[in-house]
Amino acid sequence: MSYEHFATWRDQPEPLTPFLTVIIPAYNEIARIVPAIASIASHLAESGYGFELIVSDDGSTDGTGDACRALGLRNLVVIGDGTNRGKGAAVNLSLIHISEPT
């Protein structure tokens, strides 16, 4: 994987309908979330397909959502309402987000 692939993904918004959406449900993952995002993004950026990452923050109290937002990646969306409801609810919230018209 080249840095060029990652930089392109990082800086250029995806088309309206990306080829792939990766949902990452997260609860108090501050120690792991940034390396996980980097690993997933670098692998997928090499594929050449358009993709987006959605982190569904399930009410984290350790700053997980803020750490993701601070990355400033255009094709990374962080969603969540601050309530802990479990992994299933976090994934469902992501699916609702995907199905909503933009």
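A crossover is right-handed if, with the strands pointing away from the viewer, the path from the first strand over the helix to the second runs clockwise. Keep that in mind. Strand 1, helix 2 and strand 2 make a right-handed β-α-β unit. From strand 2 the chain then passes through helix 3 to strand 3, and this β-α-β crossover is right-handed too.

Some housekeeping. This is a predicted model, where local features need pLDDT of at least 70, side-chain atom pairs count only at pLDDT 80 or more, and totals for chains, interfaces and linings use all residues. Residues are numbered from 1 along each chain as its sequence is written, and side-chain values use heavy atoms, with hydrogens and water left out. Helices (H or I, at least four residues) and strands (E, at least two) are DSSP runs, numbered from the N terminus.

The sheet, then. It is open, with three strands in the order 1-2-3, and the pairing is parallel. Two strands count as paired if DSSP finds at least two bridges between them. Strands of a sheet pair through backbone hydrogen bonds, either parallel or antiparallel.

Which strands stand at the edges? Strand 1 (20-26) and strand 3 (76-79) do. Each has a single partner strand, so one side of each is left without a neighbour in the sheet. Neighbouring strands are turned by 20 degrees against each other on average, direction ignored. For angles, axes are lines fitted to C-alpha atoms, for helices over the stretch in contact, and values run from 0 to 180 degrees between N-to-C directions.

Now the pairings. Strand 1 and strand 2 run parallel, joined by seven bridges. Threonine 21 stands opposite glutamate 52 in strand 2. Strand 2 (residues 51-57) and strand 3 are also parallel, with four bridges. There, leucine 53 faces leucine 76 in strand 3. Serine 56 has isoleucine 79 of strand 3 as its bridge partner.

Next, the helices on the sheet. Contact here means heavy atoms within 4.5 Å. Helix 2 (residues 33-47) lies across strand 1, strand 2 and strand 3, and runs at about 160 degrees to strand 2. Helix 4 (residues 87-99) packs on the sheet and touches strand 1, strand 2 and strand 3. Its direction makes about 145 degrees with that of strand 1.

So much for layout. Is strand 2 covered or open? Mostly covered: seven of its seven residues are buried. Buried means under 20% relative accessible area, exposed over 50%, and partly exposed in between (1.4 Å probe, protein chains only). In a regular strand the side chains alternate between the two faces of the sheet. From strand 2, Phe51, Leu53, Val55 and Asp57 point one way, while Glu52, Ile54 and Ser56 point the other way, and all are buried.

On to the core. A nonpolar core is a set of buried Ala, Val, Leu, Ile, Met, Phe, Trp, Tyr and Cys residues joined through side-chain atoms within 4.5 Å. The largest one has 15 residues. Which members touch the most others? Ile33, Ile37, Leu53, Val55, Cys68 and Leu76. Strand 1, helix 2, strand 2 and strand 3 are the elements that give two or more residues. Helix 2 gives the most, with five.

Last topic: charges. How many salt bridges does a search of the whole structure find? Three. The criterion is a side-chain nitrogen of Lys or Arg within 4 Å of a carboxyl oxygen of Asp or Glu.

One joins glutamate 29 to arginine 32, with the closest N and O atoms 2.7 Å apart. Glutamate 29 is partly exposed at 21%. Arginine 32 is exposed at 55%.

Another joins aspartate 66 to arginine 69, at 3.3 Å between the closest N and O atoms. These residues are three apart in helix 3 (residues 64-70), separated by about one helical turn. Aspartate 66 is exposed at 53%. Arginine 69 is partly exposed at 46%. The C-alpha atom of aspartate 66 is also 9.2 Å from that of isoleucine 30, 36 residues apart along the chain.

The remaining pair is aspartate 81 and arginine 85, with the closest N and O atoms 2.9 Å apart. Aspartate 81 is partly exposed at 49%. Arginine 85 is exposed at 53%.

That is the tour. Thank you.
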